[in-house]
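Hi,

Here is the structure I promised to pass on to you. Have a look at it first, and then read my notes below.

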Amino acid sequence: MESIRHSDEAREPELDPAYVREDPADTWRRVRPLAEQRLDVLRRAIHQLAGGRLEEHLHAQAARSARSLAGGLDLLGFDEASRMAGIVEGLLAASPLQPEDAIRLRRLTAQIEGAIGTVPARVS
């Protein structure tokens, strides 16, 4: 049996040192537009769901947006917003969604929006 040489092992990419030194407020200003775009996708999906029919492609896009928000907000130190985005992701994964689910999704999305209205505490 051939052993794996250390040099052949896959390595994790290193974090850019400039990013590590960047002020959390600067990082947030740079990535906030993307977070707002993802929230807009959630809002559109919730609007459709409340109207009685959520199109499949928008449903999938909203689930991806919620997952991206959960991960990204966690990295930026928005722990509570990340947790709520994870709940939104879970709700969007539930099948079938009902128009009344839009109420809870709308509330959670509003809470995420409120939670990210301030500068994050840290950048991991």
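**Notes on the model**

Serine 82 has its place in helix H4 (residues 79–93), where helices (H or I, at least four residues) and strands (E, at least two) are DSSP runs numbered from the N terminus. Serine 82 is buried because its relative accessible area is 10%; buried means under 20% relative accessible area, exposed over 50%, and partly exposed in between (1.4 Å probe, protein chains only). Not counting residues up to four places away in sequence, serine 82 touches Ala70, Leu73 and Asp74, with contact meaning heavy atoms within 4.5 Å.

Before going further, a word on conventions. This is a predicted model, in which local features need pLDDT of at least 70 and side-chain atom pairs count only at pLDDT 80 or more, while totals for chains, interfaces and linings use all residues. Residues are numbered from 1 along each chain as its sequence is written, and side-chain values use heavy atoms, with hydrogens and water left out.

**Overall picture**

The protein chain has 5 helices and 0 strands, giving the pattern α-α-α-α-α along the sequence. Of its 124 residues, 30% are buried. Among contacts in the chain with a separation of 6 or more, 69% are between residues 24 or more positions apart.

H4 also holds glycine 86. With a relative accessible area of 29%, glycine 86 is partly exposed. Its C-alpha atom is separated by 8.4 Å from that of glycine 71, which is 15 residues apart from it along the chain.

**H2 against H3**

How do the axes of H2 and H3 cross, and at what angle? The axes of helix H2 (residues 24–50) and helix H3 (residues 56–75) come within 9 Å and cross at roughly 145°. For your own checks, axes are lines fitted to C-alpha atoms, for helices over the stretch in contact, and angles run from 0 to 180 degrees between N-to-C directions. The crossing of H2 past H3 is left-handed, a term used if the near helix is turned anticlockwise from the far one by less than a right angle. Residues making the contact include Trp28, Arg38, Val41 and Arg44 of H2, and Gln61, Ser65 and Leu69 of H3. By class, this contact has 11 nonpolar, 4 polar and 2 charged residues; Ala, Val, Leu, Ile, Met, Phe, Trp, Tyr, Cys and Pro count as nonpolar, Asp, Glu, Lys and Arg as charged, and the others, Gly among them, as polar.

Serine 65 lies in H3 and counts as buried because its relative accessibility is 7%. Leaving aside neighbours within four places in sequence, serine 65 is in contact with Arg38 and Val41. With residues up to four places away in sequence not counted, glutamine 61 touches Val41 and Arg44. Glutamine 61 and alanine 45 are 16 residues apart in sequence and 8.6 Å apart in space, C-alpha to C-alpha.

**The largest pocket**

About 180 Å³ of space lies in the largest pocket. Its lining has 13 residues, and Val31, Arg38, Gly72, Leu73 and Leu76 lie nearest the centre. A pocket here is an open set of points on a 1 Å grid over the protein atoms alone, where a 1.4 Å probe fits, with protein on both sides within 12 Å along at least five of seven lines; lining residues have an atom within 4 Å of a point. Grid points are joined across faces, edges and corners, and the volume is the space filled by probe spheres set on the points. H2 gives the most to this lining, with 6 residues. By class, the lining has 9 nonpolar, 3 polar and 1 charged residues.

Best wishes
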